[in-house]
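Work through each with the structure open, then compare with the solution.

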Amino acid sequence: MRVVAAGDLTLVPQMAAHASEMFLVLGDPAIYEFENEPPSSVGWLHDRFLKLESRRSPDGTEHWLNWVVRLPDSRLAGYVQATTHADGHCFIAYILASAYWGKGYANRCVEAMMAELAGEYRAHTFWAMFKERNFRSRRLLERLGFSPATPGACARNSVEPDEALMFRPARAKDP
Ligand SMILES: CC(C)(COP(=O)(O)OP(=O)(O)OC[C@H]1O[C@@H](n2cnc3c(N)ncnc32)[C@H](O)[C@@H]1OP(=O)(O)O)[C@@H](O)C(=O)NCCC(=O)NCCS
């Protein structure tokens with residue numbers, strides 16, 4: 001995995017060494033308005049990050065890629081992540097602490113990650129699943145040019161009734 005520039009933000013391959021700082025970032029309750037919960041302890045997060053350092057699914061067929069988002073002042077703001085499949089389909093996700101919402105940071109980081117995924121991992125279609133009520137996530141995806149998936153694609157990807165699925169082809173300008 002490479003370090004990826006996203007304007008003045010930097011996507012840094014996530015390591016277990018980021019666990020202490022990320023525990024504080026991920027402790028922001030606003031992140032969990034629609035789903036999930038904060039990590040239970042630094043130790044738990046450290047172990048999880050350590051496992052993810054393999055960058056692969058247990059059967060080796062998928063890349064599991066996680067980048068922490070580093071601000072110009074070197075603090076961490078959140079992470080972006082991707083699961084790439086051998087057939088070129090790629091699922092993405094993203095989390096920033098709420099202090100960093102409303103600045104276009106997520107937009108910039110996800111765009112930079114998708115360019116990296118298209119160029120280095122041969123991703124040709126990006127998919128994102130989120131809770132239907134998560135209007136911030138939907139707005140981010142719409143600004144990035146994602147469209148709602150067809151009912152068939154939703155069924156194939158086991159989308160629950162309270163979830164939404166959107167997709168975007170890789171763009172010609174992605175390297
Ligand atoms: C989803 C999430 C990443 C979106 O963050 P965000 O900051 O709203 O997203 P963007 O980076 O697109 O920023 C858009 C906002 O920045 C503003 N903005 C400011 N400068 C901007 C710029 N240069 N470019 C784009 N937008 C800019 C936009 O006007 C917009 O403001 P608005 O929300 O008031 O309309 C964030 O809400 C989050 O981390 N949520 C919790 C985790 C989560 O739900 N993740 C999704 C499930 S995987």
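**Exercise 1.** Find the bridge partner of Leu11 in β3, and describe how β3 pairs with the strands beside it in this predicted model.

Solution. Start at Leu11: its bridge partner in β3 is Val69. Strand β2 (residues 9–13) and β3 run antiparallel, with four bridges between them. Next, take strand β4 (residues 76–84), which pairs with β3 over eight bridges, also in the antiparallel sense. Here Arg70 has Leu76 of β4 as its bridge partner. Finally, look at the hairpin of β3 and β4: five residues lie between the strands, and Ser74 has a positive phi near 80 degrees.

**Exercise 2.** Decide whether His63 is buried, partly exposed or exposed, and list its contacts outside its sequence neighbourhood.

Solution. Locate His63 in strand β3 (residues 63–70). Count the other C-beta atoms within 10 Å of His63: there are 19. A buried residue needs 20 or more and an exposed one has 12 or fewer, so His63 is partly exposed. Then set aside neighbours within four places in sequence; His63 is in contact with Arg55, Arg56, Thr84 and Tyr121. Tyr121 is 58 residues away along the chain, yet the two C-alpha atoms are 8.5 Å apart.

**Exercise 3.** Describe the shell around the ligand by class, by element and by its nearest residues.

Solution. Sort the shell by class: eleven residues are nonpolar, five polar and three charged. By element, β5 (89–96), α3 (105–121) and α4 (135–143) each contribute at least two residues. Of the 19 residues around the ligand, the nearest are Trp101, Gly104, Ala106, Asn107 and Arg136.

Notes. Residues numbered from 1 in each chain as written. Predicted model: local features only at pLDDT ≥ 70, side-chain atom pairs only at ≥ 80, totals over all residues. Contact = placed C-beta atoms within 7 Å. Near = placed C-beta within 6 Å. Nonpolar A, V, L, I, M, F, W, Y, C, P; charged D, E, K, R; others polar. Pairing = 2+ DSSP bridges.
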